[in-house]
Amino acid sequence: MRYDYSVHEQRIYATIIEALQKSFNDEKNNVFRNGYPENRLLLENSWDDFRKDFDQKDVEYEKSMDSLPIKIMMKDFGVPSNHYDQLKRDFVNFGSSPVGLRIIGSKGVEWIEYQCLCRMRIPTNLQRINRVYALFTKPVALEMYRAMHAGYTTFMKEVILKSQSKYTPRIYMFLSAYPNKQSCFIPYEELRLYLRLDVSYKDFKNFKDKILCVACEELKILYNKGLSNLYFDYSPVFDGDQVSGISFQIKRLDNIKEIEIPYYDDILKKNLFRLLTVYCGCTDKTASFIVDKSDNDSYQQICLKIDELYEKFSSEFCKVSDMEAYTLKVFENFFKSNSKAV
């Protein structure tokens, strides 16, 4: 979302990510029971859809190119049919959106490989054919698989789909980075940079009326409908007669907040258990020990720790001989520091 996406492009982004994650979850439940996902990532449920729409030669060619197709129904984009022409143009733009993949080369040198997030396969008549395909390369899909547990929620999709201003989802995502705080401050110019305003809305009154007030009202409406887990109030901070920053007051209710991570004891604990056994070499006993100490508040931090450990263990320069013992020590220290903080 750091790119200057239009409202439609934000909706495309949210819908495609959700569809990809659903495919991962479906396959994970059926296929990812042993071994590393990298060796088994086939998304056969997506290929079944693709085979129905395209001939065998096309299917074989895309498989030889290491493509992973995701079918998405037009109704899922939340755009009325009279806007399909604009949506089609946005698909073209989205199909060329860049993504950077982090690669560790020889001697630990870090490289970034740039390619498109995905290719878009679009019917010439969107009114008659009610679906499109996003085709991912396997490296991009794998990066998204590893990151799928780190913060994307149903609320985020609802905010993106239901907002009329493209700045509302950006402010929502900024505030979501402070899950345990009731307020935060950001310098005015830094906020403008984050929102990618460039020279737009240079006058603060215009910025306030067109961006802050609109986002504040939209999130409050979505929150009251149960479609957002937060809304906000704000106040400008002045340095003399100039605005130096914005102070946000973040509003949440506990019963709304809990919806963000449902059925924690079952779904998410099972996911942590799988990540620890697959990526960190943990036995069932060690994985269970770590999972039993986890909760809603620590879930995302633990996932990020697992990502860090996996990256360390995957490096050719890693000198850790016992991944399980190393992982256990890391999490013992993690839980100890968290208990002290509380």
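Reader: What angle do helix H7 (residues 167–176) and helix H9 (residues 204–224) pack at, and how far apart are their axes?
Author: H7 and H9 pack at about 75 degrees, with their axes 9 Å apart. Axes here are lines fitted to C-alpha atoms, for helices over the stretch in contact, and angles run from 0 to 180 degrees between N-to-C directions. This is a predicted model, where local features need pLDDT of at least 70, side-chain atom pairs count only at pLDDT 80 or more, and totals for chains, interfaces and linings use all residues. Residues are numbered from 1 along each chain as its sequence is written, and side-chain values use heavy atoms, leaving out hydrogens and water.

Reader: Why is H7 called roughly perpendicular to H9?
Author: Angles under 35 degrees count as roughly parallel, over 145 as roughly antiparallel, 65 to 115 as roughly perpendicular and the rest as oblique. The angle is about 75 degrees, so H7 is roughly perpendicular to H9.

Reader: Which residues of H7 make the contact?
Author: Tyr167, Thr168, Ile171 and Tyr172 do, on the H7 side. Contact means heavy atoms within 4.5 Å.

Reader: What makes E6 and E7 edge strands?
Author: The open sheet has the order E6-E8-E7, with antiparallel pairing. Two strands pair if DSSP finds at least two bridges between them; nine join E7 to strand E8 (residues 242–251). Strand E6 (183–187) and strand E7 (231–239) each have a single partner strand, so one side of each lacks a neighbour in the sheet. Helices (H or I, at least four residues) and strands (E, at least two) are DSSP runs, numbered from the N terminus.
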